[in-house]
Amino acid sequence: MIVRKNMGRVKQLLMLLMVLGFCFATYNLVSMIIEHNKNGGLVADEAFVGNVLGPTKSNSKKYHVALTATDAAYSQWQCRIMYYWYKKMKDTPGSDMGKFTRILHSGRDDQFMDEIPSFVVDPLPEGLDRGYIVLNRPWAFVQWLEKADIEEEYILMAEPDHIFVNPLPNLASGTQPAGYPFFYIKPAENDKVIRKFYPEEKGPVTDIDPIGNSPVIIQKSLLEEIAPTWVNISLRMKDDPETDKAFGWVLEMYAYAVASALHGVKHILRKDFMLQPPWDLNVGKKFILHYTYACDYNLKGELTYGKMGEWRFDKRAYLFGPPPTNISLPPPGVPESVVRLVKSVNEASANIPGWGP
């Protein structure tokens, strides 16, 4: 058993080394193409990407919903809610959703394999993520793309704390992916650090989109090209103390933005892709509700962010198990987005079999 376990680890390490070697081997080719096209308008047009990836296909707009996750209880209950709302929205008018996969990078099955379509991949070799578990995300996508049978031409990279609030069409345009612009991803304000990974000869730092990898809708063949570079840049950033300190918990997001720019890819920036309560007040026609921030209010309905409210909802309060059913609604005056969040969690928990400890 010991020999078999060690051989498995050796196989994982060899595969990772092959990915990193691929990045360096292909870097010069991609760089030359980017340089050649740099002054010819948008780099990531169909002609450019077609030259790198081969002819593009436009026979389907369906996208595969894919999210990376662990087998921790905190991740599991969010995935169950996310999958519930995927099923509710999948076949509604205006939706281009295809199939769904939870990419489980714990390296083993968990108790929700039958409930949620899942694909198990290996985590990074022990210690390589340095406690930053999100670093497993790009490595998980590399393995999934290589091993899984994915029917759809496009992929939506999503996260467990996403709730679909409106039918989501394919926002990508041909070979140009679509992403959400985050206000805190600021490549131009981090020029010194960014230049360690995106040299001046590649172009201005403003060529790097203010995005993370999620939510992004992208052509599968293009993600297959970017993902190994994304792994490489993530590990290099984490290994650099200055970069690690500058980017902190959003390091992997910057890594995706830089990796896609190195491949000459520009994203369509869609502010309506997602809303983030409590800052975004209304749902409107936005598509994904991202509940990453704590929602704290007093009983007058006034936001008390940074101070625990008399009424609150914070996903981090449920690290070791799911929230209870029938969470109390916020007081009058609280924005629609927060009310919609609580109602969505309550509906899911009331209808998912076996909810709770």
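Predicted model: local features only at pLDDT ≥ 70, side-chain atom pairs only at ≥ 80, totals over all residues.
Trainee: Let's start with helix H6. Why is alanine 227 called buried?

Mentor: Alanine 227 is found in H6, residues 220–239. Its relative accessibility is 1%, and buried means under 20%, so alanine 227 counts as buried.

Trainee: What is the separation of the C-alpha atoms of alanine 227 and alanine 259?

Mentor: They are separated by 8.0 Å, with the two residues 32 apart along the chain.

Trainee: Now the salt bridges. What makes aspartate 71 and arginine 108 a salt bridge?

Mentor: The closest N and O atoms of aspartate 71 and arginine 108 are 3.0 Å apart. The cut-off is within 4 Å, so the pair qualifies. Aspartate 71 lies in the loop between E1 and H3, and arginine 108 in the loop between strands E2 (97–104) and E3 (118–120), so the bridge ties together parts 37 residues apart in sequence.

Trainee: And why does aspartate 71 count as partly exposed?

Mentor: Buried means under 20% and exposed over 50%. Aspartate 71 has 22% relative accessibility, so it falls in between. Arginine 108, at 49%, also counts as partly exposed.

Trainee: How do you know that glutamate 347 and lysine 88 meet in a salt bridge?

Mentor: Their N to O distance is 3.0 Å, which is within 4 Å. The pair links distant parts of the chain, with glutamate 347 in helix H9 (residues 336–351) and lysine 88 in helix H3, 259 residues apart.

Trainee: Last one: what lines the largest pocket?

Mentor: This pocket has a volume of about 760 Å³ and is lined by 27 residues, with Tyr74, Val134, Arg137, Glu159 and Lys315 nearest its centre. The lining divides into 12 nonpolar, 9 polar and 6 charged residues. Helix H3 gives the largest share, 3 residues.

Notes. Residues numbered from 1 in each chain as written. Heavy atoms only, no water. 1 Å grid on protein atoms, 1.4 Å probe; cavity = no way out; pocket = protein on both sides within 12 Å on 5 of 7 lines; lining within 4 Å. Points joined across faces, edges and corners; volume = space filled by probe spheres on them. Helix = DSSP H or I, 4+ residues; strand = E, 2+ residues; numbered from the N terminus. Nonpolar A, V, L, I, M, F, W, Y, C, P; charged D, E, K, R; others polar. Buried < 20%, exposed > 50% of the residue type's maximum accessible area, 1.4 Å probe, protein only. Salt bridge = Lys/Arg side-chain N within 4 Å of Asp/Glu carboxyl O.
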